[in-house]
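Below is a short report on strand pairing and surface charge. Have the sequence and the model open side by side.

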Amino acid sequence: DLRIMNGASLTMEDGANVMVDKGGLTTSNGVFNGTNDYNVWYIGTASETGIEMSGSGLTDVTLELDEEDSKVAIDNAYTINGKLTLTKGTFDMSGKDLTLKGDFEADGEGWMWADDASRLVVNGNASWTDTMHFADGGNTLDRLTLNFTGTNRHMMLGSDLTVKDVVMTNGSVLIYDNTLTLTSDGTISGN
């Protein structure tokens, strides 16, 4: 672990990369300054996020774990301003909110995991590069919000997904050979 102690600070410069494997980045009354654009990589056997995801300059996040069935669990609500790339492993947003403002990319071994307390907000400025797949057993959302900027923008869904509320402000969901299920107390709203 890298712990930022009382009176100390860690500042991300533009283009800095944080690589997390096994340990984590924590603070003990120290200061994490993530206002410049920086990227985070979860590799090897990383298992949870920390303060490295909390900076307003967080740009790209990449998951490249040793095993396809390994998970990195987010510990809070986060916004990713750039691209979320899932090369190998599962990005677990159980009970948390995740806002994606950029692109989404995934290989065949990269998965999302969510539960009925999770909220996914898509605020991108372009259609996604790849299709998002939710893992079996982790394919439920409390709310899915689409608010792409521009016209003809979409996210692609490549797995079954159950959602309570779908808010379609701008953009569309393309579903490929799967089922999007709205819960009995759910709603679809928007333009």
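Tyr-38 stands opposite Leu-58 in S7. Strand S6 (residues 38-44) and S7 run parallel and share six bridges. Two strands count as paired if DSSP finds at least two bridges between them. Strands are DSSP runs of E with at least two residues, numbered from the N terminus. This is a predicted model: local features need pLDDT of at least 70, side-chain atom pairs need pLDDT 80 or more, and totals for chains, interfaces and linings use all residues. Residues are numbered from 1 along each chain as its sequence is written, and side-chain values use heavy atoms, without hydrogens and water.

S7 also pairs with strand S10 (residues 84-92), in parallel, over four bridges. Leu-63 faces Leu-86 of S10 there. Six of the eight residues in S7 (residues 58-65) are buried, meaning under 20% relative accessible area with a 1.4 Å probe, protein chains only.

A second topic is the open sheet S14-S16-S18, three strands in parallel pairing. Its edge strands, S14 (131-132) and S18 (172-175), each pair on one side only.

| Pair | Sense | Bridges |
|---|---|---|
| S6 and S7 | parallel | six bridges |
| S7 and S10 | parallel | four bridges |
| S16 and S18 | parallel | four bridges |

In the last pair, Leu-157 stands opposite Ile-175 in S18.

Now the surface. A negative patch includes Asp-21, Glu-64, Asp-107 and Glu-109. Patch members have over 30% relative accessible area and no salt bridge, with like charges joined within 9 Å. A salt bridge puts a side-chain nitrogen of Lys or Arg within 4 Å of a carboxyl oxygen of Asp or Glu. Glu-109 lies in strand S12 (residues 104-114). Its relative accessible area is 34%, so Glu-109 is partly exposed, a class between 20% and 50%.

Terms used. Patches are made of residues with over 30% relative accessible area and no salt bridge: like charges are joined within 9 Å, nonpolar side chains (Val, Leu, Ile, Met, Phe, Trp, Tyr) within 5 Å. Accessible areas come from the Shrake-Rupley method with a 1.4 Å probe; for residues, only the protein chains shown count as cover. Lys and Arg count as positive and Asp and Glu as negative; His and the chain ends are not counted. The place of a charge is taken as NZ of Lys, CZ of Arg, CG of Asp or CD of Glu.
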